[in-house]
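Morning, everyone. Please have a look at the structure I'm putting up, and then I'll walk you through it.

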Amino acid sequence: MGYRCRRFRGFSLVELLVVIAIIGLMVQMMLPAVQMSREAARNTSCQNHLRQLAMAAVHHESTHGHFPSGGWGRMWTGDPDRGVGANQPGSWCYQLLPYLEQEHLYKLGAGEEWKTKIESARRLCETPLPVFNCPTRRPCKTYRFWPSQDQAPGNYANPEMVAKTCYAANGGDICPQGSNKGPVNYEQADQGQYEWIDASEFKGVVFQRSEITCQQISDGLSSTYLFGEKHCNCFTDYDPGDNQSMYHGHDADTIRYTYTRHDNEALPNPDTRASDAERYLADLRHYAWGSSHPHTFNMSFCDGSVHSIPFSIDFTVHQRLANRRDGKTVDMTELK
């Protein structure tokens, strides 16, 4: 019995090109949806980070009777032997470490002699933590440190690379000039030789040597900013609001305001991607809020809640949310 030989017809070149074109078109149609899905996941992660930070601050207030302080100034970092509040030179990021299961990092350098302690402080500045970073903006790693040229370090040895934060605390609706500096040494601070800025000039929740209680937030915990995403220049490795470590005291790196002396700092901004030639324009926004997310930035409030705020938020509403005691409460539906 004979076998019939079957012949199979292959694809022609034209048919193959048509199939490839269809597949390419389908990929192009699906890619935006995939990117949107990924951004939604990153945005959710960012919101969860802010929620963790807000709840840590609430626990800090419950334990110590006030929210974490903003520290002394840009030339100081965390000191494990100086407690919390007005006597602590380090930032609110540093003061929240025990409430983020980072007690070992908070105690780094405790009880050590000066030469050893400033090296421990350097290691502190070099330690990043994922909870302080937005995954949309950048990975959790160390970035270049730009030390201040007008003042020597107060209590640390200069590192080359440092941990930075994508989040800042609410300093209020107006930034007092000179609040990012501070004493040159502990003696000047402890013996009353340094003239601190009058605390009444700050209308926010976390600022230089602050010790704000829940009772002092008279506009309501649910309608007052606590922490949020800060504006950054993501094109270069230099931004005057993102050049220190997240453990440094009061500066634009960790404290933001809704208004300063520059008109274009009033409203929140999407992250700048400016070249060196355009750096000056980016510098003017280094006290503003903002994010790498499309259309919105995330803010946590003093009650621990987190809201996604549109860049188009009304300026007056934005200022009210930063001022803890202006007597002008905000209807949260105004954020939409």
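I'll go from the whole chain to its cores, its rings, its salt bridges and one surface patch.

First, the ground rules. This is a predicted model, where local features need pLDDT of at least 70, side-chain atom pairs count only at pLDDT 80 or more, and totals for chains, interfaces and linings use all residues. Residues are numbered from 1 along each chain as its sequence is written, and side-chain values use heavy atoms, with hydrogens and water left out.

Now the overview. The chain has seven helices and nine strands. Those are DSSP runs, numbered from the N terminus: helices are H or I with at least four residues, strands are E with at least two. Of the 336 residues, 52% are buried. Buried means under 20% relative accessible area, exposed means over 50%, and partly exposed is in between, with a 1.4 Å probe and protein chains only. Accessible areas come from the Shrake-Rupley method with a 1.4 Å probe; for residues, only the protein chains shown count as cover.

Next, the inside. How many residues does the largest nonpolar core have? It has 42. Leu53, Trp92, Phe132, Leu226, Phe227 and Tyr247 have the most contacts inside it. H1, H2, H3, E3, E4 and E5 each supply at least two residues of this core. The largest share comes from H1, with six residues. There is also a second, separate core of 13 residues, including Phe297 and Leu321. By a core I mean buried Ala, Val, Leu, Ile, Met, Phe, Trp, Tyr and Cys residues joined through side-chain atoms within 4.5 Å.

On to the rings. The count is 14 aromatic pairs. Rings of Phe, Tyr and Trp (its six-membered ring) pair if their centres lie within 6.5 Å; planes under 30 degrees apart are stacked, over 60 edge-to-face, the rest tilted. Tyr194 and Trp196 have ring centres 4.9 Å apart and planes at 75 degrees, so this pair is edge-to-face. Trp196 is buried, at 18% relative accessibility. Phe297 and Phe311 are stacked, at 5.8 Å centre to centre and 20 degrees between the planes. Phe297 sits in strand E8, Phe311 in the loop between E9 and H7, 14 residues apart. Both Phe297 and Phe311 are buried. Ring pairs also join Trp72, Trp76, Trp114, Tyr186, Tyr194 and Trp196 into a cluster.

Salt bridges now. There are ten, each a side-chain nitrogen of Lys or Arg within 4 Å of a carboxyl oxygen of Asp or Glu. Asp242 and Arg138 meet at 2.7 Å, N to O. Asp242 is in the loop between E4 and E5 and Arg138 in the loop between H4 and E1, so the pair ties together parts 104 residues apart in sequence. Asp242 also bridges to Lys230, at 2.9 Å. Lys230 and Asp242 are both buried. In helix H1, Arg42 and Glu39 are three residues apart, about one turn. Their salt bridge is 3.5 Å, N to O.

Last, the surface. Leu13, Leu16, Leu17 and Ile20 form a nonpolar patch with about 410 Å² of accessible area together. Patch residues have over 30% relative accessible area and no salt bridge; nonpolar side chains (Val, Leu, Ile, Met, Phe, Trp, Tyr) are joined within 5 Å, like charges within 9 Å. Leu13 lies in H1 and is exposed, at 62%.
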